[in-house]
Amino acid sequence: MKKTIFILFLSFITFSLIACKSTDIAQEKTETTEFIEEVDEVVEVIDDAEYLRSIDKLAGETVSRQEFEDDKAQILQIINELSKIMEKEDYEAWRQYIAPDSLKYYSNPQNIRKAQKKLPDKTIKLAGTKDYFKYVFIPSRKRSQVDEIRYISKENIKAVQVKSDDSVIIYYYFIKVNGKWMVQIPPLN
């Protein structure tokens, strides 16, 4: 009889513990679901803020949210491809991503000399665009992290890294050439 009461008592305790624990788990799941929904709303607000920062400087032009998302995805994909190209130092592949006007400008010996004079290492000699790629383009973008894009116009974008103080570092300029985003290397002053 004592054995039966003891077994019933243990069964009751075990059942009570399991019931309490499953209530706690159900409550935790509800709290987790509510938290996830709140985080999703915050992420959406951040995306809205990024979109507004990106189109802030447009004068008289409009870029829809969908255009912004499409352009950003395309540009980040190009930057990813360029990173692989720079890692391999593949000059011919790099040329395919550079706007024709930029290639023409930096193919001019006078302009390449201007670029050479701006280099901090005066021992580097630039003979053409291949040297520009190797000694200027690659080192200036090594370990760069592009976070956002900024529209200059619908056809012209800056790819930037946003620093903790909200200032930006510009790593790339892009221009749309025949419907395709290409890197635009700004001319020198």
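1. Val160 has Ile170 of E3 as its bridge partner, and this pair belongs to an antiparallel arrangement in which seven bridges join strand E2 (residues 156–162) to strand E3 (residues 168–177). Strands here are DSSP runs of E with at least two residues, numbered from the N terminus, and two strands pair if DSSP finds at least two bridges between them.

2. The model is predicted, so that local features need pLDDT of at least 70 and side-chain atom pairs count only at pLDDT 80 or more, while totals for chains, interfaces and linings use all residues. Residues are numbered from 1 along each chain as its sequence is written, and side-chain values use heavy atoms, with hydrogens and water left out.

3. Between E2 and E3 the hairpin has five residues, and in this hairpin Asp166 takes a positive phi near 70°.

4. E3 is also joined to strand E4 (residues 180–183), antiparallel, by four bridges, and Ile175 has Met182 in E4 as its bridge partner. The hairpin of E3 and E4 has two residues between the strands, and Asn178 takes a positive phi near 50° there.

5. Glu148, which lies in strand E1 (residues 148–153), counts as buried because its relative accessibility is 7%, where buried means under 20% relative accessible area, with a 1.4 Å probe and protein chains only. Its side chain makes a polar contact of 2.5 Å with that of Arg150; such a contact is a pair of N or O atoms within 3.5 Å, one able to donate a hydrogen and the other to accept it within protein, and residues adjacent in sequence count only if both atoms are side-chain atoms.

6. Beyond its neighbours within four places in sequence, Glu148 is in contact (heavy atoms within 4.5 Å) with residues including Arg53, Lys72 and Val160.

Definitions and conventions. Buried means under 20% relative accessible area, exposed over 50%, partly exposed in between (1.4 Å probe, protein chains only).
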